[in-house]
Amino acid sequence: MDEMARGARNGTAAGKAVPGTAPGMSPGGLPELMNTHEVATYVRLKERKIYDLVSRGLIPCTRVGGKWLFPRREIDAWLAEGVGGRPSAAGRAGSPPVIAGSHDPFLEWCATESGCGLALLGGGSLDGLDRLARGEALAAGIHVLDPASGTYNTPAIEERLGGLGVVAIAWAEREQGLVLPAGNPLGIAGLGDLAERGARLALRQPGSGAQILLEHLLDSAGIDPSRLATVGQAVRTEMEVGFAVLDGKADAGLAVAAVARRLRLGFLPLYSERFDLVMRRRDYFEPAMQALLDFARSPDALQRAAELGGYDVSSLGAVRYNAPD
């Protein structure tokens, strides 16, 4: 995986004092180099959040004599530009409280139970990135495999969001596979059996992470997609795949293990994938997003992830990608 979390950058010494001002102080009485408590008060965050930002390399700082110091002028520029923090309201049109992109059962549950106020707008991973680029969403949930490199999400982020100050925050590792009728009556044991046994396959829409993965898996197995029997129009969410199988409209479809368990269907695991939340650095600090991420690490949420099945949330909240300044 492409880890882009950066270490804290080294700051520079404070500039010369303004005439009539005590050395090391700004005209407004603020120190040119703030300590952790002072910068936390200045940007209206808790001190533990400041330490978190330092560890992720998301705030300007320097270490002197074993203590972290924060150059006030660099903090002002950081806030104004939205580089990881809360920008000033002037000149900023807030993003709507929406997470666009791919559907995820654990994300859906956390968004509801946390009371964070964020709505989910399904439509596929690439659609989510495009909506984020247009300012139509606070974040996008994505799981986009790049077949050329074998990596997840970073190539798609750089292609569609190049030049924007975004971060990708780890949500979960998910088990993707074929959702099958209970008891697997056709005896599907691999992708090759789909064509051999005439299984009707539910497809996802182009641009969805599941469809990109399916096309890659078929290509890797040397299976001609034209040999597959597909069902009607493409469906837009993981759960719709499950319902198509449950209702007997399809014999198989690619979705996460949690869908199969929730609907008591069969499941054939095929691939472990990475699901991230992508957002502008400034929006990472919005109360709604912080409420969601804090809740997702709670004991109740961890228990729910285990109950859903097919999730590894041990890295939830880690920075997977941090766009260059």
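## Glu238 and its polar partners

The side chains of Glu238 and Gln176 are joined by a polar contact of 3.3 Å. This is a predicted model. Glu238 lies in helix H9, which covers residues 238-246. Its relative accessible area is 0%, so Glu238 is buried. A polar contact of 3.3 Å also links the side chain of Glu238 to that of Arg174.

What else is in contact with Glu238, leaving aside neighbours within four places in sequence? Two histidines are on the list, His103 and His143. Arg174, Gln176 and Arg204 are there too. Leu254, Ala255, Val256 and Val259 complete the set.

## Salt bridges

The structure holds 19 salt bridges. One of them pairs Glu108 with Arg262, with the closest N and O atoms 4.0 Å apart. Glu108 sits in helix H4 and Arg262 in helix H10 (residues 257-263), so this bridge ties together parts that are 154 residues apart in sequence. Glu108 has 32% relative accessibility and therefore counts as partly exposed.

Arg174 and Glu238 form another salt bridge, their closest N and O atoms being 3.3 Å apart. Arg174 belongs to strand E9 and Glu238 to helix H9, so the link ties together parts that are 64 residues apart in sequence. Arg174 counts as buried, at 1% relative accessibility.

Glu196 bridges to Arg227, and here the closest N and O atoms are 3.2 Å apart. Glu196 lies in helix H7 (residues 192-196), while Arg227 lies in the loop between helix H8 (209-220) and strand E11 (229-230), so the pair ties together parts that are 31 residues apart in sequence. Glu196 is exposed, at 58% relative accessibility. Arg227 is partly exposed, with a relative accessible area of 46%. Elsewhere, shared partners join salt bridges into one network of Asp104, Arg174, Arg204, Glu238 and Glu273.

## Aromatic pairs

Five aromatic pairs turn up in a search of the whole structure. In one, the ring centres of Phe106 and Trp171 are 5.3 Å apart and the planes meet at 40°, so the pair is tilted. Phe106 is in helix H4 (residues 105-113) and Trp171 in strand E9 (residues 166-180), so the pair ties together parts that are 65 residues apart in sequence. Phe106 counts as buried, at 0% relative accessibility. Trp171 is also buried, at 0%.

Phe106 pairs with Tyr311 too: the centres are 5.6 Å apart and the planes lie at 50°, so this pair is tilted. Tyr311 is in strand E14 (residues 311-312) and Phe106 in helix H4, so the pair ties together parts that are 205 residues apart in sequence. Both Phe106 and Tyr311 are buried. Phe106, Trp171 and Tyr311 form one aromatic cluster.

## Nonpolar cores

Which residues touch the most other members of the largest nonpolar core? They are Ile50, Ile75, Phe106, Trp171, Leu277 and Leu292, out of 61 residues in that core. Helix H12 (residues 287-296) gives the most to this core, with six residues.

Ile50 is in contact with Thr36, Val39, Ala40, Val43, Leu45, Ile59 and Phe70, leaving aside neighbours within four places in sequence. Another core, of 20 residues, lies apart from the largest one. Its members include Leu178, Leu191, Ala199 and Leu254. Leu254 is also in contact with Glu238.

Note on methods. Residues are numbered from 1 along each chain as its sequence is written. This is a predicted model: local features need pLDDT of at least 70, side-chain atom pairs count only at pLDDT 80 or more; totals for chains, interfaces and linings use all residues. Side-chain values use heavy atoms; hydrogens and water are left out. Rings of Phe, Tyr and Trp (its six-membered ring) pair if their centres lie within 6.5 Å; planes under 30 degrees apart count as stacked, over 60 as edge-to-face and the rest as tilted. Helices (H or I, at least four residues) and strands (E, at least two) are DSSP runs, numbered from the N terminus. Buried means under 20% relative accessible area, exposed over 50%, partly exposed in between (1.4 Å probe, protein chains only). A polar contact is a pair of N or O atoms within 3.5 Å; within protein, one must be able to donate a hydrogen and the other to accept it, and residues adjacent in sequence count only if both atoms are side-chain atoms. Contact means heavy atoms within 4.5 Å. A nonpolar core is a set of buried Ala, Val, Leu, Ile, Met, Phe, Trp, Tyr and Cys residues joined through side-chain atoms within 4.5 Å. A salt bridge is a side-chain nitrogen of Lys or Arg within 4 Å of a carboxyl oxygen of Asp or Glu.
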